[in-house]
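Please study the sequence and the structure before reading each solution.

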Amino acid sequence: MTLPIYCADDWLMIRSLGPDQVAGLAQAAQGQGWEDVVPGLDSLSLSWNPAERSLETARAVAEALVAQADADPAEGTLPPVTLHICYDAVWAHDAEIVAELLGIATDVLPHWHAAQDWRVAMLGFQPGFGYLVCDAHIPEIPRLSDPRAHVARGSVGLLGQICGLYPHAGPGGWPIIGRIAETLFDPQAASPALLTPGQKVRFERVDGPTLSRLTGEPA
């Protein structure tokens, strides 16, 4: 695998990666002495302590990492996660818009979304915000022309060709198709983020009362 590696003083970026390559390299980089391992949608960024590792050494370690991953691809060892999602209209504000762009009926959208093999490409934007990808062909879904001042915690959106999961309430411009019950980010937990890059995600449909029960919020 020949991939571009861009270097700076104390970090480098491996570019032009597929989602599975990003996840595999990120797992393989753990324990190699990097200060930070940051997966992106099509890249992996690695930083190091310049007092302990020179730029030349860091690049050599990264090149060996890529070569080893190419020769011995990492197996998917992360356990999949199931997220309980409600597609009711009260949470699926933009279902009609998204369904029309996908060329399907609005009432078919929940089945289509839950049937995809989603996996976590990266976390970003907010702590615990998951960017999910799948192998299905998804037309380019645009950002809302008038972003919302408030998006509920757990909202599920589709933008571009990515499924985004909001861990916190706040403003947002993604078209929203539902809401999940799970807490995506808990700063008090041993592992604050529920999701991990490379992890497979399954969506299980629930109704409004079940979502209320799982979240502990009134219906």
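**Exercise 1.** Which charged ends sit over the rings of Trp 34 and Trp 91?

Solution. The model is a predicted one. Over the ring of Trp 34 lies the charged end of Arg 53, 4.7 Å from the ring centre. For Trp 91, the charged end is that of Arg 179, at 4.6 Å from the ring centre.

**Exercise 2.** State how many aromatic pairs there are, and classify the pair of Trp 112 and Trp 118.

Solution. The count is eight aromatic pairs. Step one: the ring centres of Trp 112 and Trp 118 are 6.5 Å apart. Step two: their planes make an angle of 80°. Planes over 60 degrees apart count as edge-to-face, and the pair of Trp 112 and Trp 118 is therefore edge-to-face.

**Exercise 3.** Is Trp 112 buried or exposed, and is Trp 118 buried or exposed?

Solution. Buried means under 20% relative accessible area. Trp 112 has 16%, so Trp 112 is buried. Trp 118 has 1% and is likewise buried.

**Exercise 4.** Classify the pair of Phe 129 and Tyr 166, and locate both residues in the chain.

Solution. The ring centres are 5.1 Å apart and the planes stand at 75°, so the pair of Phe 129 and Tyr 166 is edge-to-face. Phe 129 belongs to the loop between β6 (118-123) and β7 (130-133), whereas Tyr 166 belongs to the loop between β10 (162-165) and β11 (170-172). Phe 129 is buried, at 0% relative accessibility; Tyr 166 is buried, at 0% relative accessibility.

Conventions:
Residues numbered from 1 in each chain as written. Predicted model: local features only at pLDDT ≥ 70, side-chain atom pairs only at ≥ 80, totals over all residues. Heavy atoms only, no water. Phe/Tyr/Trp six-rings, centres within 6.5 Å; stacked < 30°, edge-to-face > 60°. Buried < 20%, exposed > 50% of the residue type's maximum accessible area, 1.4 Å probe, protein only. Helix = DSSP H or I, 4+ residues; strand = E, 2+ residues; numbered from the N terminus. Lys NZ or Arg CZ within 6 Å of the ring centre and 35° of its normal.
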